[in-house]
Amino acid sequence: MLGIVLRFLLGGGAVVASTIVSRKIGSKIGGIFAAFPAVFLAALLTLRLDAKGSELVEKSIVLSQGAVVGMIINIMCAIAVVYLCAKQGWKRGLTQSLAGWFLVSMVYAFLSKYF
């Protein structure tokens, strides 16, 4: 339960912080704060609750490798949002970008599990 609460607080805190920064300083800077890897940080912190010693190191490495792939996919999604929203409007552009993110993520998850 502690892991769930920690993930909630870090994720929610990152969203609140990016919203405040966006309103006070500007949306470009707010977008940088919105990319804060709060879920990754929470996952690493709560991993310590489940593992110790060499198992903790091994699980942290696997988690970090997945995070790198996830962040690359998120960057591709952000680029798609900018491009598609400018071409097709924000509703269609955002919908298509998120659908693309989901598709690429699921394909990667499938391929990494079986290959």
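A: Ala, Val, Leu, Ile, Met, Phe, Trp, Tyr, Cys and Pro count as nonpolar, Asp, Glu, Lys and Arg as charged, and the others, Gly among them, as polar. This is a predicted model, in which local features need pLDDT of at least 70 and side-chain atom pairs count only at pLDDT 80 or more, while totals for chains, interfaces and linings use all residues. Residues are numbered from 1 along each chain as its sequence is written, and side-chain values use heavy atoms, with hydrogens and water left out.

Q: What volume does the largest pocket have?

A: A pocket is an open set of points, on a 1 Å grid over the protein atoms alone, where a 1.4 Å probe fits, with protein on both sides within 12 Å along at least five of seven lines; lining residues have an atom within 4 Å of a point. Points are joined across faces, edges and corners, and the volume is the space filled by probe spheres set on them. Here the largest pocket holds about 830 Å³. Its lining numbers 27 residues, with Ala 34, Ala 35, Phe 36, Asn 74 and Ile 75 the closest to the centre.

Q: Which helix supplies the largest share of that lining?

A: Helices are DSSP runs (H or I, at least four residues), numbered from the N terminus. In the largest pocket, α4 contributes eleven lining residues, the largest share. By class, this lining has 22 nonpolar, five polar and no charged residues.

Q: Which residues line the second largest pocket?

A: They are Gly 66, Val 69, Gly 70, Ile 73, Asn 74, Trp 101, Ser 105 and Tyr 108. Four are nonpolar, four polar and none charged.

Notes. Helix = DSSP H or I, 4+ residues; strand = E, 2+ residues; numbered from the N terminus.
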